[in-house]
Amino acid sequence: MSTPQRQDFILFNDQSVIPKELYNVSTTDSDQQHHMFLITSAMGTQPYWLINAVVETSVSGSPISLNGSSINRDHSHDNSITTIASLIHEEKFYHTALQKLKVNSNKYQILDMITDFVMKNIDKPRDKILDMLLDRFPNDTQSTIILEQPELLLVLLKGLTSDELNQRFILPLMKRCKLLIIAANIDLFQNNENEPVDTNNHDSIEITRFVTSLVYGSLVIMNLRSLDTGRAKDVTGLLMISKGGQSNSSNLSVDVVENEYLYLTEKESTRLFYR
């Protein structure tokens with residue numbers, strides 16, 4: 001059997017992952033449009049290679065770790081610094097990964113949101129905690145923010161609802177940047193799809209509602225899935241690209257290219273193939 005041809009990772013019909021047009025400065029504040037991309041994954045489909053790829057794209061214009069050195073300079077953009085924040089990984093995790101990929105460290109910053117989170121916030125009101133988290137992010141409407149697993153706040157902050165999380169954190173965070181990229185774990189969301197809702201499980205209900213709101217609020221969705229047959233020797237999983245709920249109301253002239261990739265992760269590299 002011949003080896004499948006490696007494919008470049010693209011999201012839009014101008015062959016880009018993040019269109020240069022997205023960062024164009026609006027003429028007036030009322031014309032400003034803020035965008036969200038969504039990465040979804042479940043246990044067994046680690047999203048870190050994909051998160052690293054979008055960081056590379058934000059910094060240099062192309063996901064070099066996936067597409068190789070054939071960067072399309074037309075898609076490079078001299079946007080403001082990229083901010084990476086995680087509710088599951090400490091700062092060192094992404095520093096180490098991005099250093100291995102030789103991503104320019106002057107073009108990104110990493111916020112440690114998880115270290116001593118519980119100890120630092122004991123007995124504090126939820127709204128104050130969310131305000132404090134929000135204030136840690138830069139207010140630069142031409143920047144990119146990448147946020148990993150904000151749904152964990154629904155577990156960490158007792159009584160927090162998906163509506164509160166959206167209104168007091170996610171939507172204000174979107175207004176602080178041009179592009180917000182959220183990586184969410186959808187294990188609970190997937191488990192609830194075909195099962196009766198457990199009205200006694202607050203976390204499960206709110207996470208499901210929150211992920212649903214992200215799907216409707218996103219321009220593009222990158223969904224990582226395991227193979228139905230499990231992992232094969234030559235395939236790790238499936239990457240599905242689909243339009244989000246905001247794709248039809250976007251002011252961009254480019255369109256999302258819906259597609260399916262097979263991906264193979266070996267050691268510290270990942271390759272994409274068409275399904």
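# A guided tour of a predicted protein chain

The protein chain exposes about 13800 Å², of which carbon and sulfur atoms supply 48%; such accessible areas come from the Shrake-Rupley method with a 1.4 Å probe, and for residues only the protein chains shown count as cover. The model is predicted, so local features need pLDDT of at least 70 and side-chain atom pairs count only at pLDDT 80 or more, while totals for chains, interfaces and linings use all residues. Residues are numbered from 1 along each chain as its sequence is written, and side-chain values use heavy atoms, with hydrogens and water left out.

**The whole chain**

Begin with a cartoon view of the protein chain, whose secondary structure comes to 9 helices and 9 strands. Helices (H or I, at least four residues) and strands (E, at least two) are DSSP runs, numbered from the N terminus. Of the 275 residues, 48% count as buried; buried means under 20% relative accessible area, exposed over 50%, and partly exposed in between, with a 1.4 Å probe and protein chains only. Among contacts between residues at least 6 apart in sequence, 74% join residues at least 24 apart, where contact means heavy atoms within 4.5 Å.

**The largest pocket**

Next, select Y48, W49, N52, E268 and T270, which are the closest to the centre of the largest pocket among the 20 residues that line it. On a 1 Å grid over the protein atoms alone, a pocket is an open set of points with protein on both sides within 12 Å along at least five of seven lines, whereas a cavity is a set of points where a 1.4 Å probe fits but cannot get out; lining residues have an atom within 4 Å of a point. The volume of the largest pocket is about 490 Å³. A volume is the space filled by probe spheres set on the grid points, which are joined across faces, edges and corners.

Colour α1 (48-60), α2 (64-67), α3 (91-100), β8 (259-266) and β9 (269-274), the elements that give two or more residues to this lining. The largest share, 4 residues, comes from α3. By class, the lining of the largest pocket has 8 nonpolar, 9 polar and 3 charged residues. Ala, Val, Leu, Ile, Met, Phe, Trp, Tyr, Cys and Pro count as nonpolar, Asp, Glu, Lys and Arg as charged, and the others, Gly among them, as polar.

**The second largest pocket**

Now select M36, M174, G217, S218 and Q246, which lie nearest the centre of the second largest pocket, out of 15 lining residues. This pocket has a volume of about 220 Å³. At least two lining residues each are supplied by β1 (35-41), α7 (162-175) and α9 (202-217), and α7 gives the most, with 4 residues. The lining has 6 nonpolar, 9 polar and no charged residues.

While α7 is highlighted, select S162, which is in that helix. S162 counts as buried, at 2% relative accessibility. Not counting residues up to four places away in sequence, S162 touches L154, E206, R209 and F210.

**Aromatic pairs**

Display the rings of F12 and F37, which form a tilted aromatic pair: 5.9 Å centre to centre, with 35° between the planes. Rings of Phe, Tyr and Trp (its six-membered ring) pair if their centres lie within 6.5 Å; planes under 30 degrees apart count as stacked, over 60 as edge-to-face and the rest as tilted. F12 lies in the segment before β1 and F37 in strand β1, so the pair ties together parts that are 25 residues apart in sequence. Both F12 and F37 are buried. The structure holds 7 aromatic pairs, and ring pairs link F9, Y261 and Y274 into a cluster.

Move to A183 in strand β5 (residues 179-185). A183 is buried, with a relative accessible area of 5%. Beyond four places in sequence, A183 touches residues including I39, I51 and L147. Then select D112 in strand β3 (residues 108-112). Leaving aside neighbours within four places in sequence, D112 is in contact with E90, E91 and R136.

**Two loop residues**

Most residues other than glycine have a negative phi. Select K102, in the loop between α3 and β3; K102 has a positive phi of about 60° although it is not a glycine. K102 is exposed, with a relative accessible area of 76%. Finish at D123, in the loop between α4 (117-120) and α5 (126-135). Phi of D123 is also positive, near 70°, and D123 counts as exposed at 78% relative accessibility.
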